[in-house]
Amino acid sequence: MKKSSRTTNMTTDTSAPLRVMQTISTYTNFINHFYAYNPKMASLGYKDQNEALLNYGFFAPHIIAPYTKEMGCAHELTFPNAEHMQRAWLKERGMSTNLQTGWEADVLRMHIDEFKPDILYVFSPYTFNSALRDRLNHQ
């Protein structure tokens, strides 16, 4: 049986922690409300915005990534359509924050390629389709 090329790039070092990434795109109206209610939030760094959105609790029943730390996993949680948060992420990496049409998928692809997850949990599959998957450097 031929091995899929999708599995050949995965981490094979069993001493390294399993890398779990979760991505949640949410209602634009909610994101807008969150930033309007917290007007200084948009000026904070990526990590602070991410933690504030997580701690807000709107997604509580769906969040798993931070809890994988207890199992020894490295984890990342991102909200791809939180524009201010993603601009902060790009800025912290010295990248352009001039977002073009399709920016959500482009920035999500960069997150995935940077973190290189072993497990990718996509809560909102409408932002992650086969076209995006095929453009990933890390598979």
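**A helix and its surroundings**

In H2, the buried residues are Phe-30, Ile-31, Phe-34 and Tyr-35. Please bear in mind throughout that this is a predicted model. Viewed down the axis of H2, these buried residues fall within an arc of 130°, so they line one face of the helix. In general terms, an α-helix has 3.6 residues a turn, so residues three or four places apart point the same way. On the face of H2 turned away from the buried side we find the exposed residues Asn-29, Ala-36 and Tyr-37. What lies over the buried residues of H2? The cover includes H3 and H4.

Let me turn to the core. The largest nonpolar core comprises 21 residues, and those with the most contacts inside it are Tyr-35, Leu-53, Phe-59, Phe-79, Ala-82 and Met-85. Two or more residues each come from helix H2 (28-37), helix H3 (46-56), helix H4 (83-92) and helix H5 (103-115). Apart from this core lies another, of 5 residues, including Leu-108, Ile-112, Phe-115 and Leu-136. As for Met-85, once its neighbours within four places in sequence are set aside, its contacts are Tyr-35, Tyr-46, Gln-49, Asn-50, Leu-53 and Phe-79.

Next, the aromatic side chains. How many aromatic pairs does the whole structure hold? The search finds 9. One of them joins Phe-30 and Phe-59 in an edge-to-face arrangement, with 5.6 Å centre to centre and 85° between the planes. Phe-30 belongs to helix H2 and Phe-59 to the loop between H3 and strand E2 (74-78), so this pair ties together parts that are 29 residues apart in sequence. Phe-34 and Tyr-35 form another edge-to-face pair, 5.2 Å centre to centre and with 90° between the planes. Phe-34 has a relative accessible area of 1% and is buried; Tyr-35, at 8%, also counts as buried. Ring pairs join Tyr-27, Phe-30, Phe-34, Tyr-35, Tyr-56, Phe-58, Phe-59 and Phe-79 into a cluster.

We now move to helix H5, where His-111 is found. His-111 has a relative accessibility of 3%, and because buried means under 20%, it counts as buried. Leaving out neighbours within four places in sequence, His-111 is in contact with Met-21, Tyr-46, Glu-76, Thr-78, Gln-86 and Trp-89. Phe-115, a member of the 5-residue core, has Arg-19 over its ring face, at 4.0 Å from the ring centre.

Finally, the charged side chains. The structure contains 4 salt bridges. In one of them, Arg-87 and Glu-83 meet at 2.7 Å, N to O. Both lie in helix H4, 4 residues apart, about one turn of the helix. Arg-87 is partly exposed at 28% relative accessible area, and Glu-83 is partly exposed at 32%.

Which residues make up the salt-bridge network? Glu-92, Arg-93 and Glu-114 are linked in it. Between Glu-92 and Arg-93 the closest N and O atoms are 3.9 Å apart, while between Glu-114 and Arg-93 they are 2.8 Å apart. Glu-114 lies in helix H5 and Arg-93 in the loop between H4 and H5, so their pair ties together parts that are 21 residues apart in sequence. Glu-114 is partly exposed, at 42% relative accessibility.

How values were computed
Residues are numbered from 1 along each chain as its sequence is written. This is a predicted model: local features need pLDDT of at least 70, side-chain atom pairs count only at pLDDT 80 or more; totals for chains, interfaces and linings use all residues. Side-chain values use heavy atoms; hydrogens and water are left out. A nonpolar core is a set of buried Ala, Val, Leu, Ile, Met, Phe, Trp, Tyr and Cys residues joined through side-chain atoms within 4.5 Å. Buried means under 20% relative accessible area, exposed over 50%, partly exposed in between (1.4 Å probe, protein chains only). Contact means heavy atoms within 4.5 Å. The arc is that of the directions from the helix axis to the C-beta atoms. Rings of Phe, Tyr and Trp (its six-membered ring) pair if their centres lie within 6.5 Å; planes under 30 degrees apart count as stacked, over 60 as edge-to-face and the rest as tilted. A charge sits over a ring if NZ of Lys or CZ of Arg is within 6 Å of the ring centre and within 35 degrees of the ring normal.
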